[in-house]
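Please look over the structure shown below with its aromatic side chains and its ligand in mind. A short briefing on both topics comes after it.

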Amino acid sequence: MKVVLREHLKEKPAAGTALGFGRYFTDYMFTMKYTAEKGWHDAKVEPNEPKPFDLATSIFHYAQGIFEGMKAFLQPDGSIGVFRPEENWARMNRSAERMCIPRFPEEVAQEGLETLLKLEKDWIPNERGTALYIRPTIVATRVMLGVHASTEYLFFIILSPVGSYYAHGLEPTKLLVEDYYVRSSLGGTGEAKCLGNYAASMKAGELAEEKGFDQVLWLDANEKKYVEEVGSMNMFFVIGGEVITPALVGSILPGITRKSCLHILREKGYRVSERRISIDEVVAAAENGTLEEAFGTGTAAVISPVGLIRYQNKDYSVNGGKMGAITKMLYDTVTGIQYGELPDEYGWRKIIR
Ligand code: COI
């Protein structure tokens, strides 16, 4: 892999700095280009510096772009552990197909990531709860205003040392059930990790934040009846001993932390269902005392307990606003594997030295 070195390195955030999410970026990035003539080519690690783009570049106009989120963790023996990267590459190529972006070679992306991480190892924060967030992205780079798939793309990976996604850390989140705006509909782009899904979610997100909520809990677009996801997390509910997560009906992102939690739960013998779950079922369970836990899962959010859900102006407290036992078990198991504190029973830790 070609590596272009920079003359001066940036100053790293001092140990103990509140890193937040996506505020600091490392010295280098991985890039690779696509043209119709050459396919994917020119893979290299280069200094992470601003790039000039013509303002008619199609990504600015029609959002033909996709991204991923992964994390690298410093292991007790000093090596680097990345959580299930092959799952992210596979999902990114599925997103690419949905967005008419040419499939990229996953082995080249992985090699680029490994070269980049070895070079940027000193940027991996080493406190529990922190990680080096990995953001692979593909954007359409053809200078053109016609509404067609681009014939040129840029693939890049940037890195950001991060702390907790939510400003309040592991404190249970408050969710506002959105019954007007929708995130995605069947046949839409909800199961692809494409840029537009996140832009479309911002209006409802702002309104929820103004009311003091952390996130929006989306319902299905057709009937505004079934729980879908939170945008930055997939949702799980524990009702009367059954652990339920909405089935991947086509408008929900197939989360890798979601998949990992389902695996752990099934391995440990919990009663697990991937099925449609209506908001009426959730609030009825909250009312009759059978809603034991609710939590979200995601790369950035990890496993986040949900302490309060507001639906149609009524507040439903979950587990007295505290993290529940299953949520804690999943948090401890997933982060224990990620930080190299637990044996990697399922082969989810990709070690880079
Ligand atoms: C992630 O969890 O990595 C995400 O992409 C969610 C969000 C930060 C956009």
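The notes below cover the aromatic pairs and then the ligand site.

This is a predicted model, in which local features need pLDDT of at least 70 and side-chain atom pairs count only at pLDDT 80 or more, while totals for chains, interfaces and linings use all residues. Residues are numbered from 1 along each chain as its sequence is written, and side-chain values use heavy atoms, with hydrogens and water left out.

**Aromatic side chains**

- The structure holds 17 aromatic pairs, a pair being rings of Phe, Tyr and Trp (its six-membered ring) with centres within 6.5 Å, called stacked when the planes are under 30 degrees apart, edge-to-face when over 60 and tilted otherwise.
- Phe53 and Phe60 are edge-to-face, because their planes stand at 85°, with 6.3 Å between the ring centres.
- Trp89 and Phe155 make a tilted pair, with 6.2 Å from centre to centre and 40° between the planes, and both residues are buried (under 20% relative accessible area, with exposed over 50% and partly exposed in between, for a 1.4 Å probe and protein chains only).
- One aromatic cluster is formed by Phe30, Tyr34, Trp40, Trp89, Phe104, Tyr153 and Phe155.

**Ligand site**

- An oxygen atom of the ligand lies 2.5 Å from a side-chain N or O atom of Tyr133, and a ligand oxygen is 2.8 Å from a side-chain N or O atom of Lys193.
- A polar backbone atom of Ala300 is 2.8 Å from an oxygen atom of the ligand.

Methods. A polar contact is a pair of N or O atoms within 3.5 Å; within protein, one must be able to donate a hydrogen and the other to accept it, and residues adjacent in sequence count only if both atoms are side-chain atoms.
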